[in-house]
Amino acid sequence: MAEQRVVVVGGGLAGLACAMNLAAEEVPVDLVSLVPVKRSHSVCAQGGINSVNDVTRQQGDTEWKHFDDTVYGGDFLQHQPPVKEMCDWAPKIIDLLDRLGVTFNRSPEGYRDQRRFGGTLYKRTAFAGATTGQQLLYALDDQVRHWEAEGRITKYEYHDFLGPVLDDNGVCRGAVVQNLFTMEIRALPASAVVLGTGGNGLVFGRSTMSTICTGSAAARAFRAGVKYGNGEFMQVHPTAIPGTDKLRLMSESARGEGGRVWVPKKAQDPRDPRDIPASERYYFLEERYPTYGNLVPRDIATREIFDVCVNMGLSVEKERLCVFLDVTELPPETLHKLDGILEIYEKFQGMNPRVTPMKIFPAIHYSMGGMWTDYAKDEKTGGLIAGDPRNQHTNVPGIYAIGEADYHYHGGNRLGANSLLSCIFSGLLVAPCVTNYAKTVKGAAPAKLLEDAAKAEKKRGDDFAKSSGQENPRQIHAELGDIMTRNVTVVRYNKALEETLAKIDELEDRFGRIGCPDGGNWTNQTVTFIRALADMIMMARVITRGALQRDECRGAHFKPDFQIPAPKSDDPAELHQQAEEWCRAFQERNDKWLKSTVVEYNQGDLIFTYEDVDTSLIPPRPRTYGLKGAEIIEKVWKEMQRQRGVQPAAV
Amino acid sequence: MAQDVIVHIQRKDSPDGATYRQTFHVPYEDGMNITTVLQRISAQPVTDEGEHTAPVAYDACCLEEVCGACTMVINGHVRQACSALVDNLLKEQPEITLEPMTKFPVVRDLLVDRSRLFNALKRSKAWVSVDGYWDRGSGPLMAPRDQEEAYPLSRCMSCGCCLEACPQYNDKEDFIGPHAVSQIVLYNTVPAGQSIAPERLDVLAGPGGIAACGNAQNCVKVCPKEIPLTTSIAKAGRAATGHAIRRWFRR
Ligand SMILES: Cc1cc2nc3c(=O)[nH]c(=O)nc-3n(C[C@H](O)[C@H](O)[C@H](O)COP(=O)(O)OP(=O)(O)OC[C@H]3O[C@@H](n4cnc5c(N)ncnc54)[C@H](O)[C@@H]3O)c2cc1C
Ligand code: SF4
Ligand code: SF4
Ligand code: FES
């Protein structure tokens, strides 16, 4: 057996968790990242990380309820065994992070403090100020640095993953990477390659994501044969600060700590918001969702903000759509816990949000979809079989995907503070699975195979550097971002989606006539950008076609033309009948569409198939979140389920 | 104000290339920061003299001043490009200047190689030492007041501003730097970090450790995260001295 060696691409929470766990098991790791791993996008995460905990347990919370909240929040589009396993591990993961020195906020007695996040009624979220991702990433980064000092991990920072190396049997034997300083390209041999390469918000131009979140690595794996799942499910976060280069997030923790969303009842009321009395404010989330209030899941909050601004015309400003996010009434101790995010608002907007309500609007935030990965279900527990090589394994032998880059865990909509969890969980989970797989790989990767792969990529890069067409790559990206943001975010119409696909065709065509203003072969950031642009165009197509084909509303994917009309008769009997119709339509919709979108790349074509979702543990149900007026749906649904003999999940 | 923003940029094509300057005119946008300016230049790399040139190389990632990538010298002051708003910079001087940090080797233009900064963290053993990641129950309790002390230190984003400002951080000394001193204090403060605290004190007391700090206090003034570096340095100094004495007695 050749020496095992694993290439981990990505040094966010997922990649670091995987790398450190492999290193602890004495598997040598090559860790590849576009930026020094300590600067990975995970550093941006603000609000916190979820798990059932000692306090919520005493209030009746369980791992199962966390699991239930997660699949209900995701509109049941996720395979349930991995989610169950994740929720079972969650409290142990927080304990581990605690032992690794994360400076979590503390209760007066010194226990970890928790806050509430969206889509749940429990305070499940552990946090470190309002910069939790930073603290978690640094703790793992320090672990990896330790293993690096011990010689178990070799870092390739400022390196771009250009693609996997597959042998004649379609088995992955290495990864082609490029040094972004010297532009040197080489192929690293590997028994397995793990991709923890994050989301693809940059396809939409500006988002809450970092500049490296182009989805390039996933697109390159996709081109090499890795299937992609649920690409059309992009989370639009309800509260971000509009900016020229980035839409900076204002974390859900602001609402978790008591922040309230409102607009003046009078459209574009010119008064200072502080002078508008409570009776003239419309706290629309609280009024529409009395149970969850400001902490409804993100897709719902986003659509309500959109509705209030676009359909009702109640945006705070006329030219620029926005609503107020108001933390001015919170006590100073509470505001202190939010310093990390309030400083961002202050720094970039020049206003003190402790005194003046913030102006915010939804922005692209998270990719629920990602590389398709397998899992090994444990029939006894309903969770996963530990160490099974199938977990997180893509369809290409030897390529694994974890973190935001895979398609598991969040279904149609991710709950806040569940992503840090899924990233660390999948990173830890995958390590023994990869090790077990790697043991079965025979012989060293053939040198010629590696050389040829590196050569092919070198040629592609040289061609880009030499290209002298009239088309400006940055302009193409700007146009791509504009149309994607306009047509493929909160509200989707088939006609607009078709237009978007036509525009993507046009952009792809123009990409063929691109010009590179830098022909050099040293730290050529334009060539790196051009490579990623090709990938973003590809992902835009995957997202848009997925959206066009999915004629329904589910989670973040919202098509008004395919909404099931809400029961609204004043006559009780008729209302009941309408609710029955609604439930029947809901059932039919699920029969047709409760399926993951799975896309495969075949010589330039995208092949779409639809895969059944494992909902064996918690049967799907309508997702109303106690919306006023939707009580009848819940009631009728329960009646119909009882008649059909479906057991409601034991919560 | 719809005028162009005038930006002078210090450039260098490669580590051993010559240093030169170019000036760019960038259309003003409301609320724009230096990263946006650099993005616009990348899209239209034409100097004020109409010369088509290569786009300016620079580092950036989070764009919200939490990753530390985009540090450079702007109008003569070291800071992050992403949180440097053009409106504020123009109040300092009518035309903006951008230069790379001087304490690290230039890779190209505004992009520098900060490996030395990360190596210092390695030397400092700024980590909790474990033998695996199994479930071993929860960590030790931590008083909120200790958390309040540790949390600010854990926000160091390795940006390098403090090193740029520190007179003792240079080619001649092999000073680990204030950021690393502060990370040692962090891991020696959190309960989980205690087991190898003496090893970290060895680093502080050793060559390139705390003795290299001349106490000029420049570092704390430039830290964008307002990390109490001089408090850390004072603590580290006391701990290292006590540690050295104890070690001497134990001999
Ligand atoms: C502003 C913001 C706030 C958030 N807050 C929260 C929160 O409070 N709670 C929560 O649970 N979630 C939150 N999230 C979501 C969460 O932060 C991310 O989903 C998560 O950090 C992703 O981690 P990751 O490890 O999968 O990838 P990332 O952290 O994105 O890391 C990706 C890694 O892959 C590398 N990479 C990518 N492409 C390539 C390539 N081609 N070659 C080489 N390397 C490559 C990068 O260098 C990087 O190291 C937030 C997200 C945002 C945008
Ligand atoms: S106090 Fe002065 S000498 Fe010491 S680290 Fe800070 S800047 Fe450097
Ligand atoms: S201590 Fe401050 S200035 Fe120094 S690297 Fe850390 S964040 Fe930057
Ligand atoms: S880009 Fe991260 S600090 Fe500026």
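A: Let us begin with polar contacts between chains. A polar contact is a pair of N or O atoms within 3.5 Å; within protein, one must be able to donate a hydrogen and the other to accept it, and residues adjacent in sequence count only if both atoms are side-chain atoms. Between chain B and chain A there are 38 residue pairs in polar contact, both residues being at pLDDT 80 or more. This is a predicted model, in which local features need pLDDT of at least 70 and side-chain atom pairs count only at pLDDT 80 or more, while totals for chains, interfaces and linings use all residues. Residues are numbered from 1 along each chain as its sequence is written, chains are lettered from A and ligands numbered from 1 in the order in which they are written, and side-chain values use heavy atoms, with hydrogens and water left out.

Q: Which elements of chain B each supply at least two residues of the side that touches chain A?

A: Helices (H or I, at least four residues) and strands (E, at least two) are DSSP runs, numbered from the N terminus. In chain B the elements are α1 (34–43), β6 (106–108), α3 (115–123), α4 (144–153) and α6 (178–189). The largest share, six residues, comes from α1(B). By class, the side of chain B that touches chain A has 43 nonpolar, 19 polar and 16 charged residues; here Ala, Val, Leu, Ile, Met, Phe, Trp, Tyr, Cys and Pro count as nonpolar, Asp, Glu, Lys and Arg as charged, and the others, Gly among them, as polar.

Q: What is the area buried between chain B and chain A?

A: The size of an interface is often given as the accessible area lost when the parts come together. Buried area is that loss, found with a 1.4 Å probe and summed over both parts. For chain B and chain A the value is about 5,800 Å², of which carbon and sulfur atoms give 53%. On the side of chain B, Cys61(B), Glu64(B) and Tyr133(B) lose the most area to chain A, together 14% of what that side buries.

Q: How many salt bridges does the rule find across the interface of chain B and chain A?

A: A salt bridge is a side-chain nitrogen of Lys or Arg within 4 Å of a carboxyl oxygen of Asp or Glu. The rule finds five across this interface. One salt bridge joins the side chains of Glu148(A) and Lys122(B), at 3.6 Å from N to O.

Q: Is Arg541(A) buried or exposed?

A: Buried means under 20% relative accessible area, exposed over 50%, and partly exposed in between (1.4 Å probe, protein chains only). Arg541(A) counts as buried, at 15% relative accessibility. The side chains of Arg541(A) and Glu508(A) meet in a salt bridge of 2.4 Å, N to O. This pair links distant parts of the chain, 33 residues apart: Arg541(A) lies in helix α16 (residues 525–549) and Glu508(A) in helix α15 (residues 494–511) of chain A. Glu508(A) is partly exposed, at 42%.

Methods: Buried area = accessible area lost by both parts, 1.4 Å probe.
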